[in-house]
Amino acid sequence: MSGEHGGPAGPGTPFGRLLRELRHGRRLTIEELAEASGISGRAIGDMERGRSLRPHPGTVTALAQGLRLDEAARAELLSAVRAARPAPQAAATVKASPCTLPRGVPDFVGRHTELSVLRALAQRAAGDADPAQRGADPAAVPAAVVFGPPGSGKTTLAVRLAKESAPSFPDGTFLLDMRGLDAQPLPAEQAVLRLLGAWGVGDGELAQLDAEERLARYYAISAGLRAVLVLDNAGHEAQIRPLLPREGRLLVVVTSRRTLAGLEGVQRLELGALSPEESAALLRAVVGGDRVDAEPAAARSVTELCGHLPLALRVAANWAATRTNWNLRRLADRLADEDRRLDALSAGDLRVNSAFALSYSRLAPGAARMFRLLSLVPGGDFGMPPAAALAAVPLPAAEDLLEELLEAGLLMTSRGDRYRFHDLLRLYAVGRHRAEDGPQEAAAARSRLRSWLLDTAVLAGRWYEPGYGAPPPDPGRLAALDDRDEALRWIKAESDNWLAAFREAADAGEHARVIEVAEAMHWLSEHWVSWSQWTEVYGRAAEAAAALGDAALEATHRNYLAWAYFAHARRHPEAVAEATRALGLARACSDVGQQAEAHAYLAWLQNAVGDLASAVENNHRARELFVRSGNVNGYLQACNLTITLLQKAGRAQEAIATYREVMDALADPRNRDRLPPNIRDITELIARYHVSDVHLGQEHWREVVEVLRPVRGRFETLGYHQQAGRVHLHLARALGHLGEGAAAAAEYRAVLTMEGGVPDQLLEEARAGLETLAIREGSSRTPPGTPG
């Protein structure tokens, strides 16, 4: 056929053969297809011959448009591309820190003045700056606020600085989206929790701290970190002020549309539009220098039509980059045309709608539909599985569509293998959805996403519930839930999304659904105690049970709510009120199991405030009722509290006997199937920990060592650092009294290595113990025990 480049084609790849067949079927030469699609003839020839094995999704879309393919033929072409690609994982498993930096743009240009200011701040933070250049207050914590209009590149600049500065900050680089434009921006208290988790503080430890103690822990850790922290998309000063460290070398970069003038002691940088030279440099970086140099007037028109706004310019340039056979004048004309015939999207006085509309109008129908539907995702980011559920497509197809949107500049990357919208593009997607998708399609898509999120939440939660465990095999399941850790990672990664779906179900009066989800979370919640939303989850579940008129269910979830109020929020009066209310409901419907739970919660709460008599009474009643209801786990937890209560009452022998009862029950083969391994492990740890206090009080030094040595180090792996520190101290004290000075010193030093992870009181005890050992070691060859 005339117009073919080179000699006869080889067999090529399945994609290349199919592309050639489709072109021949339309009776097009390579040059004609190049003109129709915007893809160069050379690139088309390489694809047909199998020399280009993995064309970008945008390239395939342009070819499909040039060939005028229907949906079936377009899908076949995309399937052929997918066949040459490594198979995607069955789910978006989040292994990265929740505060991982997103991928930066490889073609960053301009912003030289702003970068130089931020680099100087980074050098000061890293300790590399000349003392004469450190400013009037060299001790001030390095922090900057980068502010400017939407789309001006604030996040891109901050990520660029973080990535290039990473070698100077050995403790890492972190980014947290503050969601400042949401109806409910991320509260500072929740930001502290997420950052402490990213910095290695275990959930078990976080659960033992109230909000004030968590903030103190945040300041203590941040003071010792050499790291970069980007607080992205801040809404207001109150959100950020508590997160600014009091001292240390943690470099904090805040991005916001507002100046945040109320923050003191920060460097401020305003980002506006790019200069004409910077805009041209960005266009050259994305489209290619040769094309820009060949049409300087058209290039100038493109940058002006994009308002010199980085986001708009990058979107338009990405569109042009895949259409190498079209000149820039054609791009400029299309930008002007799209701006006239589509509604304007406001960004100050800048006309950015033209760039968005052009890229959107050239998407394949499936990608355009995905773009519109993604505006329905309630959370700040999302992975492939929610996108696949929303659009009702398989995972590989969802990956193709998301990558096409990413390539077009209409999506951004987020942590792990996740995606997110820029705020302006989300608004644009919302507008397109309203204009093009009818109410039935919108309702159906919302229902699909909500059903999938809640179904998956139930499966993930039940991994931790006795009698459930692994969900049944399902090749079509979008999210991999192959083990308990994967299930917990999914719950955490999609927490904003499944919680929003949970709220929708509650608001819609889907009471049974709300209770099903909350119930499935009960056992899992013990492994993520620090999450701030458990009070809402169990509060809504209790309301749903009340609406159904089911007193037993309401008692169950009010007991869970009592746990949430105290375990997370440290709101003791509310916790007592809910447990008391649960007890009344359980009595009214003669539910023995929930009466036992309510008495157990009340005992736990009363012990926490020193009301020993009431705690003993409620705990005794709980044990009786747990036996009647056959709840082995509840009975053993009540026994563990009994050990502590008996010790406080001076009844050491009874406390030790109760400990032996717990250990015998754990060893009983009949309880193997009734207690999951993780419950058995934590029950044993707690029992040993409590009885070690009893033995210390009785000066049973050898018994302390026998009880604690088998569990040394196990509290650390669960994130219970305070208990871990006390285990080391108890062992050190006992070993010292047994004349094992070197071993005692090793235990004291183990506490000191936990600095930043345990209260200062434990560190002081460890230092005092070492000093006493050293003094006595110097006065005697046989080290005596440390004082009690």
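Student: How many salt bridges does a search of the whole structure find?
Tutor: The search finds 36. A salt bridge here is a side-chain nitrogen of Lys or Arg within 4 Å of a carboxyl oxygen of Asp or Glu. This is a predicted model: local features need pLDDT of at least 70, side-chain atom pairs count only at pLDDT 80 or more, and totals for chains, interfaces and linings use all residues. Residues are numbered from 1 along each chain as its sequence is written, and side-chain values use heavy atoms, with hydrogens and water left out.

Student: Which residue forms a salt bridge with D177?
Tutor: R420, with the closest N and O atoms 3.8 Å apart. D177 is in strand β2 and R420 in strand β9, so the pair ties together parts 243 residues apart in sequence. Strands are DSSP runs of E, at least two residues; helices are runs of H or I, at least four; both are numbered from the N terminus.

Student: And what about D232 and R420?
Tutor: Their side chains meet in a salt bridge too, at 3.4 Å, N to O. D232 lies in strand β3, so this pair ties together parts 188 residues apart in sequence.

Student: Is R420 buried or exposed?
Tutor: Buried, at 9% relative accessibility. D232 is buried as well, at 2%. Buried means under 20% relative accessible area, exposed over 50%, partly exposed in between (1.4 Å probe, protein chains only).

Student: Switching topic: where do E624 and R621 lie?
Tutor: Both are in helix α31, three residues apart, about one turn. E624 is partly exposed at 35%, and R621 at 32%.
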